[in-house]
Amino acid sequence: MTNAAGRSSVWLEGKARRGGRGGQLSGLDRERITAATVRLLDAEGLARFSMRRLAAELNVTAMSVYWYVDTKDDLLELALDAVYGELLLPDPAEPREWRDRLRALAGQYRALLVRHPWLSPLVGTYLNIGPNALAFARVVQRTLRGTGLPASRLTGAISAVLQFVYGFGTIEGHFGARVAAAGMTHDEYFRHSVSAASQDPGAAAMIEESADIMEARGGDTPQEMWERDFTFGLDLLVAGIEAMLTREE
């Protein structure tokens with residue numbers, strides 16, 4: 001991937017709305033190319049993705065794809081925003097309590113990061129100004145506004161929630177990708193990892209020291225452990241917002 005630090009976004013200068021530059025090729029358009037990109041990223045990951053591999057997936061030449069996108073970065077930006085479109089955003093007019101709305105949004109964002117492990121590196125690389133990403137950001141902002149926090153505190157609250165979910169979902173998603181690559185179930189991979197780590201004296205000491213925490217944590221499967229930790233972590237953030245509201249009064 002090229003360095004995106006100083007590049008223009010596909011969503012600027014009308015690039016995202018541009019069609020093919022030489023008339024429609026057989027059965028090919030930007031939507032189909034983007035959908036194939038998402039499928040390929042889901043199946044093979046970001047590291048293996050290439051325009052040549054995408055062209056083979058579409059059964060066209062690599063140059064044919066460039067009729068519709070200028071660069072690989074443009075295409076990855078389009079794929080990034082396309083999966084944001086999977087989020088089911090609440091109606092802004094829906095009279096829903098902010099805590100419930102926040103938990104629902106956080107849960108959806110986490111699930112998106114787990115479902116598409118390649119998403120998190122792209123979120124940290126591009127501007128995230130596509131229509132679906134902006135719609136999500138707008139709903140999150142409106143939800144946090146509904147807490148009653150003063151405007152000066154909103155960016156911190158938004159960052160705390162989104163960075164928690166981003167970090168949690170990224171780690172969980174990458175764990176799932178390793179499980180899939182190993183051809184194991186989540187339970188098998190977890191037991192294998194603990195068993196392997198126990199062979200190292202330093203790791204074994206840490207595992208022994210943490211035994212009471214793991215027992216108290218509960219959950220018979222890795223998925224149950226993830227769920228319990230995520231729910232409690234989010235509860236801590238909600239409680240923190242509530243505490244700040246009391247402090248501001």
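Predicted model: local features only at pLDDT ≥ 70, side-chain atom pairs only at ≥ 80, totals over all residues.
A residue counts as buried when its relative accessible area is under 20%, as exposed when that area is over 50%, and as partly exposed in between.

A pair of aromatic rings is described by the distance of the centres and the angle of the planes. The structure holds nine aromatic pairs, and one of them is formed by Phe164 and Phe168, whose rings are tilted, with 5.9 Å from centre to centre and 55 degrees between the planes. Both residues belong to helix α8, which covers residues 151-182, and because they are four residues apart there, about one helical turn separates them. An α-helix has 3.6 residues a turn, so residues three or four places apart point the same way. The two partners fall into separate classes on the scale given above, since Phe164, at 22% relative accessibility, counts as partly exposed, whereas Phe168, at 14%, counts as buried.

A second pair, that of Phe175 and Tyr189, is edge-to-face, because the ring centres lie 5.5 Å apart and the planes meet at 85 degrees. This pair links distant parts of the chain, for Phe175 lies in helix α8 while Tyr189 lies in helix α9 (residues 186-197), 14 residues apart. Both Phe175 and Tyr189 are buried.

From rings we turn to pairs of charges. Side chains of opposite charge can pair when their charged atoms come close. Eight salt bridges are found in the structure, and Arg53 takes part in two that can be followed here: one with Glu44, at 2.8 Å from N to O, and one with Glu57, where the closest N and O atoms are 3.9 Å apart. Arg53 and Glu57 are four residues apart in helix α2 (residues 51-58), so about one helical turn lies between them. Glu44 is partly exposed, with a relative accessible area of 23%, and Arg53 is partly exposed at 27%, as is Glu57 at 37%. Another salt bridge connects Arg99 with Glu97, with 2.0 Å between the closest N and O atoms; Arg99 counts as partly exposed at 24% relative accessibility, and Glu97 is partly exposed at 33%. Through shared partners, salt bridges join Glu44, Arg53 and Glu57 into one network.

Glu44 brings us to helix α1, which covers residues 30-44. At 1.5 Å a residue, its 15 residues should span 21 Å, and because its end C-alpha atoms are 21 Å apart, the model agrees with that expectation. Which residues of α1 are buried? They are Arg30, Ile33, Thr34, Ala36, Thr37, Val38, Leu40 and Leu41, and what covers them includes α2, α3 (62-65) and α4 (72-84). After α1 comes Gly45, whose phi is positive, near 90 degrees.

How values were computed. Residues numbered from 1 in each chain as written. Heavy atoms only, no water. Salt bridge = Lys/Arg side-chain N within 4 Å of Asp/Glu carboxyl O. Buried < 20%, exposed > 50% of the residue type's maximum accessible area, 1.4 Å probe, protein only. Helix = DSSP H or I, 4+ residues; strand = E, 2+ residues; numbered from the N terminus. Phe/Tyr/Trp six-rings, centres within 6.5 Å; stacked < 30°, edge-to-face > 60°. Expected span 1.5 Å × (residues − 1). Contact = heavy atoms within 4.5 Å.
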